[in-house]
Amino acid sequence: MIRASVAGLLLAASPAIAQDAAQDPACSNVRVAIPAELAAWSKQTPVAAGIKAGGGASVMPGQSLLVSLHPTGLVTLAPAAKDTNGHAGTLTLTVQDSGTYRVALGGRAWVDLVQEGGALPSTAHSHGPKCTGIRKMVDFTLKPGRYTIQLSGSQADSMPLLVAKVG
């Protein structure tokens, strides 16, 4: 019974691992077309995250970034981080047009979009396309304005990120 449970857990974990191009041997010689809205993914510009709302680099939709994060204990997040271990940081996103925006991450982390101190509800969650290096995608319906992107719970001290308008 225990062996069956362990096997079931391992099988359940397999799709998540398979999404990580660095850990999936099947991706070593595979070239995958990235959806047009995420086309800039491979051209990441290094930037530094902030330690509080309004800090850190400015994010433009369609721009791919490699975000340097801070130890979580140095970062003030509002609302509070869902995971206080690892690394965290903030970025500023300015939206010009209403629509659905996708935040794509290249690693494991929590992502929140915050405006006026409150986290906005997401409208969808998914894995990125297999073998692209995009691990997680979260969609939000946004209106014109300024938002804080909060990243937390990353075991890595840097995180690839791209925000794209998808609808």
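**Close-up views of a predicted model**

**View 1. Chain overview.** Read along the sequence, this predicted protein chain runs α-β-β-β-β-β-β-β-β-β-β-β-β. That is one helix and 12 strands. Of the 167 residues, 39% are buried. The protein chain exposes about 8800 Å². Take the contacts between residues at least 6 apart in sequence: 75% of them join residues at least 24 apart.

**View 2. The largest nonpolar core.** This core holds 25 residues. L93, I149 and L161 have the most contacts inside it. Elements giving two or more residues to this core are β3 (64–68), β5 (87–95), β6 (99–105), β7 (110–115), β10 (136–142), β11 (145–154) and β12 (158–165).

**View 3. A second core.** Seven residues form a separate nonpolar core. Among them are W41, I134, L162 and A164.

**View 4. Surroundings of L93.** Leaving aside residues up to four places away in sequence, L93 touches V59, P61, L113, L142, G145, R146, Y147, I149 and V163. One of these partners, I149, is listed with L93 among the residues with the most contacts inside the largest nonpolar core.

**View 5. Strand β11 and its partners.** Eight of the 10 residues of β11 are buried, so the strand is largely enclosed by the rest of the structure. β5 pairs with β11 in the antiparallel sense, over eight bridges. Within this pairing, H87 has S154 of β11 as its bridge partner. β7 also runs antiparallel to β11, joined by five bridges. Here V114 stands opposite T148 in β11.

Terms used
Residues numbered from 1 in each chain as written. Predicted model: local features only at pLDDT ≥ 70, side-chain atom pairs only at ≥ 80, totals over all residues. Heavy atoms only, no water. Helix = DSSP H or I, 4+ residues; strand = E, 2+ residues; numbered from the N terminus. Buried < 20%, exposed > 50% of the residue type's maximum accessible area, 1.4 Å probe, protein only. Contact = heavy atoms within 4.5 Å. Areas by Shrake-Rupley, 256 points an atom, 1.4 Å probe, with all protein chains shown as cover. Core = buried A, V, L, I, M, F, W, Y, C linked by side-chain atoms within 4.5 Å. Pairing = 2+ DSSP bridges.
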